[in-house]
Each structure stands twice: as C-alpha cells, then as structure tokens.
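Reader: Can you walk me through this one, question by question? I'd like the cut-offs along the way.

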Amino acid sequence: MAYADEPLADEEWLKKYEEEVDETNKIEQELRERLEGSVQVDSWCSCGNCSRVVLQNLSECYCCQVLDGYKEAMCSESVLEDIQPETALRCITQHPGFGPVCLQKWSLHMAGERVKTKAKQRYRQTGSDESYLRSIAYREFTRFVYGFLGNKRIPLPACAYTVIRKQFPVGTDETYTGFELNEDD
C-alpha cells in the first residue's frame with residue numbers, strides 16, 4: 001500500500017492550505033486584470049513608469065515599488081551620493097546606474113561576454129541584436145539589483161521591461177518572449 005504510512009492532513013492544515021490557494025488565485029486574477037487592461041495601470045503602479053503595452057505575462061505585472069530589493073537599491077548610500085539631495089527617486093529606472101548598466105549597447109555587449117547559460121556555456125547571440133541586448137539587459141538588471149543569483153530567476157518590474165523594451169524593440173519578424181520561469185538558459 002503506497003503512502004500507507006504517510007500522515008493525513010488535519011482540519012487546521014487543510015484550512016490553511018485552502019486559504020493559501022484562495023490567496024494565490026486572487027493574486028493571479030488581479031495580475032490577469034492588470035495584463036488585460038481591465039484594471040488601469042495607475043491603480044497598481046506607484047512609480048509612474050509602468051506600462052502594460054509591452055508586458056507579456058502575469059509575472060511582469062508588478063511595479064518596482066512593491067517588489068523586494070528595489071527600494072533598498074534606490075536608497076543605498078552610493079546612490080544617495082550620486083543624486084541631488086532634494087531628489088527623490090520614484091522608480092528603479094531613475095537609478096543613476098540603470099542607464100549605464102541596462103541601456104547602453106556597448107556596455108551590454110561587454111557584459112554579454114561574461115554571461116553563461118545554466119549549462120555553463122558562453123551566452124551567444126542567436127537572434128537580432130535588439131533581442132540579444134534585451135536578454136543581456138534583463139540579466140544585468142537583475143544582477144544590478146540583487147547581485148549574482150546563480151540559477152534563480154526573478155521577473156523584472158513592469159517599468160524596467162517598459163524602458164528596456166523601448167530601448168531595444170522587437171523587429172518586424174519578432175515578438176517579445178516574456179518572463180519564463182523554467183527557461184533552459
């Protein structure tokens with residue numbers, strides 16, 4: 001008898017599990033409404049730079065102001081030294097390092113030389129230059145905010161996708177892929 005020795009869930013555990021499932025479903029529905037546009041962007045975007053136009057899936061429908069790590073990255077001592085004292089950064093895309101690290105073509109090409117796939121192979125350009133630069137920009141943005149994550153993958157906030165995809169748009173025969181959690185590289 002398979003699983004005969006496994007403990008059965010009690011009422012308390014089952015109630016907690018059902019509450020977690022309900023909360024997950026509620027969040028997914030809210031994100032779906034954001035992506036579809038039935039909820040206005042200004043109701044969920046606090047930074048003022050999010051747009052749903054280029055977003056591809058639910059994982060991309062968050063503002064930088066609600067995700068872990070972004071406020072800390074915008075308020076570090078080195079950032080505060082680089083901005084005017086009266087300047088308040090409202091968005092991670094206003095960070096003094098965002099442009100040089102994530103939007104400059106030659107900086108991204110240099111970064112691409114050190115990027116590796118999960119299989120520890122050198123990352124190579126297979127599509128258009130814009131597609132390649134976008135993928136490197138996403139990786140550099142994550143490293144910029146969180147540092148080296150190893151195999152862990154984290155979606156970017158909507159404002160970062162918006163700015164990066166505007167800088168490196170898709171060609172006529174391309175589409176944006178969107179964040180994929182189980183990607184091989």
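Reader: Let's start with Ser43: is it buried or exposed?

Author: Quick ground rules: this is a predicted model, where local features need pLDDT of at least 70, side-chain atom pairs count only at pLDDT 80 or more, and totals for chains, interfaces and linings use all residues. Residues are numbered from 1 along each chain as its sequence is written, and side-chain values use heavy atoms, with hydrogens and water left out. Buried means under 20% relative accessible area, exposed over 50%, and partly exposed in between (1.4 Å probe, protein chains only). Ser43 has 52% relative accessibility, so it counts as exposed.

Reader: And where is Ser43 found?

Author: Helices here are DSSP runs (H or I, at least four residues; strands are E, at least two), numbered from the N terminus. Ser43 is found in the loop between α1 (11–36) and α2.

Reader: How many helices and strands does the chain have?

Author: Reading along the sequence gives the pattern α-α-α-α-α-α-α. That makes seven helices and zero strands.

Reader: At what angle do α6 and α7 cross?

Author: Axes are lines fitted to C-alpha atoms, for helices over the stretch in contact, and angles run from 0 to 180 degrees between N-to-C directions. The axes of α6 (residues 129–146) and α7 (residues 158–167) come within 10 Å. They cross at roughly 145°.

Reader: Which residues of α7 meet α6 there?

Author: Contact means heavy atoms within 4.5 Å. On the α6 side you have Arg134, Ala137, Tyr138 and Phe141. Their partners in α7 are Ala160, Tyr161, Ile164 and Arg165.

Reader: What kind of aromatic pair do Tyr138 and Tyr161 form?

Author: Rings of Phe, Tyr and Trp (its six-membered ring) pair if their centres lie within 6.5 Å; planes under 30 degrees apart count as stacked, over 60 as edge-to-face and the rest as tilted. By this rule the count comes to six aromatic pairs. Tyr70 and Phe141 are stacked, at 5.8 Å centre to centre and 20° between the planes. The rings of Tyr138 and Tyr161 have centres 5.4 Å apart and planes at 70°, so that pair is edge-to-face.

Reader: How many residues apart in sequence are the parts that this pair ties together?

Author: Tyr138 is buried at 18% relative accessible area, and Tyr161 counts as buried at 2%. Tyr138 lies in helix α6 and Tyr161 in helix α7, so the pair ties together parts separated in sequence by 23 residues.

Reader: Which residues form the aromatic cluster?

Author: Two members, Tyr70 and Phe141, are both buried.

Reader: On α5, what arc do the buried residues cover?

Author: In α5 (residues 105–112), Leu108, His109, Ala111 and Gly112 are buried. Going by the directions from the helix axis to the C-beta atoms, they sit on the same side of α5, because their arc is only 160°.

Reader: Which residues are exposed on the other side of α5?

Author: What covers the buried residues of α5 includes α4 (98–102) and α6. On the other side, the exposed residues are Trp106 and Met110.
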